[in-house]
Amino acid sequence: MTVQPAMPKCWRPESKPHKFCPGCGHGLVLKALGEAIDELGIQDRVVFGCDIGCSLLAWDFFNVDSIQTHHGRTTPVMVGIKRANPDLICIAYMGDGGGYAIGSQHLVNSASRNEKITVLLALNTVYAMTGGQMAPTTMPDQKAETSPYGRDPEESGYPTQGPEMVAAIAREGSYVARGTTVNMRQLKSYIKKALENQMEGNGFSFVEALAGCPTNWRTNAEKTWNFLQKDMPKYFKVGELKDPGANEKEGQ
Amino acid sequence: MSEKLITEEKRVFMTGNEVVAWAAVAAGAEIMYGYPITPQNEIMHYWTRLAPKYDRKFLQTEDELSAGFTTIGGVMAGRKSFTATAGPGNTLMQEPLSMAEAMRLPVVTVVQQRGGPSTATVIYSQQEVTLTTFGGNGEGMRVVYSTATHQELFDYTIKSFNVAWKYRFPTFVLGDGYQAKMRESLTLYDPEQKGVDFVPAERFVGKPGTPGVDREPGHYRNTYNVEEELYDVLQEHFADYKKMAEEVVEYDAFDTEDADVVVVSHGVVSRGAKEAVERMRKEGKKVGYFRPITLRPMPEKQLKEVADKAKKLLVVESAQGQFAKLIKDVIYGSTTEIVPLFKPGVGITTEEITAKTKEIL
């Protein structure tokens, strides 16, 4: 008999098993998010917004109020809610295409306005739902449907470094980190800090999570793990870039 | 701090944009999300001056996409929310508005039409009729009021919030740059004193209780798995829209009973049309006047009756037939000739309408 690991309390059992592909990183990111929501006891205050792309499959993932929006537009919907009802904890969940390409103006301006929301972005280096096209975050030489011979940085630039960009424009009081589904304990702690930052009204909070996409990477378990653990961190350094809590401690 | 803006009726002399801001406050709008574009800017200017005095909020966003989607957020949080735009901004606004249409969100949008296509002019047109009535990748499930006077800007801005929250279709006040910038006299009033019952806003998200424990979670989406699933949802929308149409359709008409030529127009152009018809009637000419106030839904039955009686319809608009297309659609089957007087992006005078009417009489 296999023992099933316990689901986070705020997960919606009726919509499980979830709709993501086997080996997909979304389930892990949403597990970390679910556990963070449970530990903070905010299930009754959370509004979860999901984007277009694979993230939309999470529209009924949680037993929390949830809104599936348009590609790149989850951030402004969550901003609109937060502005209208600051008591709610607003989480905008999206992929790297939604956050760094079609919705980049919303991410940048929400960060610079220091909106009191949390953006959680799953990075898998491809547009997954549409069939594996090149994303802003596709690695140099990585093959994708619209870069079949590998991404040529001369032609299409280098991968977008999201947390670094957000950290550069976000004000003091914002929380910015990059976690990975390779280190779930750390990822959960980052998401938890991001949510706490919103709850305390400090400012914008942003967590990017490196996530696997074996379907579009066309990788088996071993190669998926290698790409996530070894290749991606070459460009995407895991760690905290802005942490109001840490600054406070340093000042003491 | 949050006393009423208008406690008794008073005559004022204001620009249309100022009127819209006052009307939104009087209507109980709680938050405006906006992005600058001429000729709607002063709606934001007056709103931001009034807002803190009456506990209202404002957010200036990074573009119209964001203005539309934050307005959606405001609505889903259960606040009466609105935005205002024009021209290329209206083009961008169609993306969030298609989501509002899909999810039956009571978003109120004020459009002050400017010249088109593209950047064109910042001044005036009636060229955003197609975009406002049928924009986005949807079926035009919207309510659109085309106003002609500052009094109407005040009345219909107030009405829009009620209609939006009652029927849950995105609702528009379609003005134009002339109405926006011109000063005119009107009477301001407190809607509640006039017997207007405010339809209360309701929360889509953040209702009391823990989802999954005390209540079902609100799970809102605009994506469907299969064709039939979408089809069924849309059939409900169409049925609701049809039912609503009978209740919200508005128009203005006179002297159509025995008219050989009926002048059909909307918005600010209808002021010239009205005067032209009145003058010609005094001269004994058999002319009539018809003006849909709601461009979505159209007063189909009334327009069809008028078309069937008249010998000719003179359709007058500051666009190259956008309004005429709406007319043709609803009077399909009528053999009455339609004569166009189209001046895209340009105002149309009483004299021009009179001359054209006499020419075809």
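**Helix pair H1(B)/H6(B)**

I looked up the handedness of the crossing of H1(B) and H6(B) in this predicted model and found it right-handed (the near helix is turned clockwise from the far one by less than a right angle). Helices here are DSSP runs of H or I with at least four residues, and strands are runs of E with at least two, numbered from the N terminus. I noted that H1 spans residues 16–26 and H6 residues 150–167 of chain B, with an angle of about 30° and axes 8 Å apart. Axes are lines fitted to C-alpha atoms over the stretch in contact, and angles run from 0 to 180 degrees between N-to-C directions. The pair is therefore roughly parallel (angles under 35 degrees).

I then listed the contact residues (C-beta atoms, placed from the backbone, within 7 Å). H1(B) gives Gly16(B), Val19(B), Val20(B), Ala23(B), Ala24(B) and Ala26(B), and H6(B) gives His150(B), Leu153(B), Phe154(B), Thr157(B) and Ile158(B). By class I found 8 nonpolar, 3 polar and no charged residues (Ala, Val, Leu, Ile, Met, Phe, Trp, Tyr, Cys and Pro are nonpolar; Asp, Glu, Lys and Arg charged; the others, Gly among them, polar).

**Domains of chain B**

I read domain 1 as 10–188 and domain 2 as 252–360, bounds from an automatic or database assignment. Their centres, over C-alpha atoms, are 26 Å apart. Domain 1 brings 22 residues to the contact and domain 2 brings 19. On the domain 1 side, E6(B) gives the most, with 4 residues.

**Conventions**

Residues are numbered from 1 along each chain as its sequence is written, and chains are lettered from A and ligands numbered from 1 in the order written. In this predicted model local features need pLDDT of at least 70 and side-chain atom pairs count only at pLDDT 80 or more, while totals for chains, interfaces and linings use all residues.

Methods. Angles under 35 degrees count as roughly parallel, over 145 as roughly antiparallel, 65 to 115 as roughly perpendicular and the rest as oblique. Two residues are in contact if their C-beta atoms, placed from the backbone, lie within 7 Å.
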